[in-house]
Amino acid sequence: MPRKKPFSVKQKKKQLQDKRERKRGLQDGLRSSSNSRSGSRERREEQTDTSDGESVTQQIRRLNQQPSQGLGPRVYDPNRYRLHFERDSREEVEKRKRAAREQVLQPVSVEVLELDIREVYQPGSVLDFPRRPPWNYEMSKEQLMSQEERSFQEYLGKIHGAYTSEKLSYFEHNLETWRQLWRVLEMSDIILLITDIRHPVVNFPPAFYEYVTGELGLALVLVLNKVDLAPPALVIAWKHYFHQHYPQLHIVLFTSFPRDPRTPQESSSVLKKSRRRGRGWTRALGPEQLLRACEAITTGKVDLSSWREKIARDVAGASWGNGSGEEEEDEDGPAVLVEQQTDSAMEPTGPSRERYKDGVVTIGCVGFPNVGKSSLINGLVGRKVVSVSRTPGHTRYFQTYFLTPSVKLCDCPGLIFPSLLPRQLQVLAGIYPIAQIQEPYTAVGYLASRVPVQALLHLRHPEAEDPSAEHSWCAWDICEAWAEKRGYKTAKAARNDVYRAANSLLRLAVDGRLTLCFHPPGYNGQKGIWESHPETTELVVLQGRVGPTGDDEEEEEEEELSSSCEEEGEEDRDADEEGEGDEDTPTSVPGSCLAARNPYSLLGEDEC
Ligand SMILES: Nc1nc2c(ncn2[C@@H]2O[C@H](COP(=O)(O)OP(=O)(O)OP(=O)(O)O)[C@@H](O)[C@H]2O)c(=O)[nH]1
């Protein structure tokens, strides 16, 4: 047998780069061919909706496979930890596509942006999350597992019996993911529920609040994360909303990427993407507030002085080393003890778990996909220990990290609780992986009725002879105009690739570059009060203090929207397979193994 030639990471990267360049070259060639237009209907039929392509459908189907049953413990099951959703029916998808082509978009009033949690979750309804059924030590592992499976099927049956699938949001149908939540809840002394400030009620299932604070009797910290993406007055309004309705919460404001809110954002920045390098993570805003919340909860039962010292060192920009400042932090930073969880860690612990065992507080980080759980952990540690991705469902297996010898952080995979949230909003909230969307156009329409996408991106209506004339837009027009502007063409016929354009627009929204923020009920009537609120002023000052400066290690670059998704997937793949640490890969997550691999990297460039 011929000897296998060694293939280094560098060679692999070079190979991928060449492949991308070849693709780009091909597309550039295709861009130059003209795209005839003759009448609106005909024109629309000419534009290619590549979502129908057989390969995409097959890939999507593959991603949605349910975990295979009956595999032995040693057999790797690539589907085991994936997000699993119900698929839309073909009729439903076609209906939505028609609406996207025909419905003229109208801007909605600001009051429509006020989001009431009762409409999303209907507290007290069957829209709950699955609980681990009662068990005892006499039960065998098999009995326990099959009992859990039965109970989970009943749970799903109740929800699907009560609501039609058009009404229900996409939610997690993979029991393995919920099992990880159970385990994290059993292990933790404090739970952090991390939410995205642009739509915190979307990420706040009231049933979870009741369960953690009531049944489990644990402290629940609500983290309003990504505060850099919302006006400070809105952040403070949300904070007060949660205080008022959920009095047992401890609330912390956080951002891993602070920016000075006084610096105006220009529309040209829509296409800029920031990357955080090196000690940029120590700039996170919120670790101090979180520490204070944990001090209030633990009331001296755990010695948190090492955490306080660490924050002081991070703020001073000193290395963790011996604190003397003599030892320079190397590129990868000091080691963080990571505990990779195994299958045996998924087994339930006894009912009377000791709180603050061995003088260590365990903090479980829970939340929907994409809310920034992994980034928050990096922000607390002060450097990259967890891989971050804008593709939801990136974290698939929980891991623990020792922040200091007495503080353990536990990162849980993103959880999608059932709700009545419109699916378009779910997509824009980054909950549903864009790569898996069968019909992205109505989500673009939803966005464009709330954010002036055409103006921000300087789009020219596809039928405009005179660009200054007023035109009515439908979602499809926006996608087509963006495809034209970015030169997204289909490989075979060189037509405008509207499917790809729609996906690209959705990614801009999920990343916060086209920002859509929702408001608490009554916000618009009281906006002035929130704007002059003392806490708002305090937040502005705080963000301005930690926001990036000219000599910051943050990097801005114009994003190559056409291929960024592919690159991200490839980097993830490299990281998992080769264990090489670079800016986008974890530096200290040994043996991340295939279970942590991002399944969406399976999709090709055009499908991202
Ligand atoms: N603007 C902004 N973006 C953030 C912040 N924190 C995270 N992000 C971005 O949000 C996306 C998701 O971040 P992750 O930290 O991977 O989120 P996660 O909750 O761990 O995601 P899953 O692995 O899907 O559960 C990435 O594109 C991050 O760059 C923040 O504070 N501000």
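Student: Which residues is phenylalanine 152 in contact with, leaving aside its neighbours within four places in sequence?

Tutor: Pro130 and Leu175. Keep in mind that this is a predicted model.

Student: Where does phenylalanine 152 sit?

Tutor: In helix H6, which covers residues 141-162.

Student: And how many residues apart in sequence are phenylalanine 152 and proline 130?

Tutor: They are 22 residues apart. In space, their C-alpha atoms are 6.4 Å apart.

Student: Is phenylalanine 152 buried or partly exposed?

Tutor: Partly exposed. Phenylalanine 152 has 19 C-beta neighbours inside 10 Å, and buried takes 20 or more.

Student: Zoom out for a second. How many helices and strands are in the protein chain?

Tutor: The chain has 20 helices and nine strands.

Student: What share of the residues is buried?

Tutor: Of the 608 residues in the protein chain, 42% are buried.

Student: And the contacts between residues at least 6 apart in sequence: what percentage join residues at least 24 apart?

Tutor: That comes to 77% in this chain.

Student: Which residues of E8 point which way?

Tutor: Val407, Leu409 and Asp411 point one way. Lys408 and Cys410 point the other way. Both sets are buried, Asp411 and Lys408 included.

Student: How many bridges join E6 to E8, and do they run parallel or antiparallel?

Tutor: Five bridges, and the two strands run parallel.

Student: What about E7 and E8, parallel or antiparallel?

Tutor: Antiparallel, over five bridges. Strand E7 is residues 399-404.

Student: How many residues lie between E7 and E8?

Tutor: Two, and the pair forms a hairpin.

Student: Which residues in E8 stand opposite phenylalanine 402 and tyrosine 401?

Tutor: Phenylalanine 402 stands opposite lysine 408. Tyrosine 401 stands opposite leucine 409.

Student: Where is lysine 226, and is lysine 226 buried or exposed?

Tutor: Lysine 226 lies in the loop between strand E2 (219-225) and helix H9 (232-245). Lysine 226 is buried, because 25 other C-beta atoms lie within 10 Å and the cut-off is 20 or more.

Student: And what is phi for asparagine 370?

Tutor: About 75°, again positive in a residue that is not a glycine.

Student: Where is asparagine 370 placed?

Tutor: In the loop between strand E6 (361-367) and helix H12 (373-381). Asparagine 370 is buried too, with 27 other C-beta atoms within 10 Å.

Student: Now helix packing. At what angle do H14 and H17 pack?

Tutor: About 45°, with their axes 9 Å apart. That makes H14 oblique to H17. Helix H14 is residues 441-448 and helix H17 is residues 498-510.

Student: Is the crossing of H14 and H17 left-handed or right-handed?

Tutor: Left-handed.

Student: Which residues make the contact?

Tutor: From H14, Tyr441, Ala443, Val444 and Leu447. From H17, Ala502, Leu505, Leu506 and Ala509. By class, that gives eight nonpolar, no polar and no charged residues.

Student: What about H16 against H17, at what angle do they pack?

Tutor: About 95°, with the axes 8 Å apart. So H16, residues 475-486, is roughly perpendicular to H17.

Student: Who makes that contact?

Tutor: H16 brings Trp476, Cys479, Glu480, Trp482, Ala483 and Arg486. H17 brings Val498, Arg500, Ala501, Ala502, Ser504 and Leu505.

Student: And how many of the residues in the contact of H16 with H17 are nonpolar, polar and charged?

Tutor: Eight nonpolar, one polar and three charged. Ala502 and Leu505 of H17 are listed in this contact and in the one with H14.

Key
Residues numbered from 1 in each chain as written. Predicted model: local features only at pLDDT ≥ 70, side-chain atom pairs only at ≥ 80, totals over all residues. Axes fitted to C-alpha atoms, helices over the stretch in contact; angles between N-to-C directions. Helix = DSSP H or I, 4+ residues; strand = E, 2+ residues; numbered from the N terminus. Parallel < 35°, antiparallel > 145°, perpendicular 65-115°, else oblique. Left-handed = near helix turned anticlockwise from the far one by under 90°. Contact = placed C-beta atoms within 7 Å. Nonpolar A, V, L, I, M, F, W, Y, C, P; charged D, E, K, R; others polar. Buried ≥ 20, exposed ≤ 12 C-beta atoms within 10 Å, placed from the backbone. Pairing = 2+ DSSP bridges.
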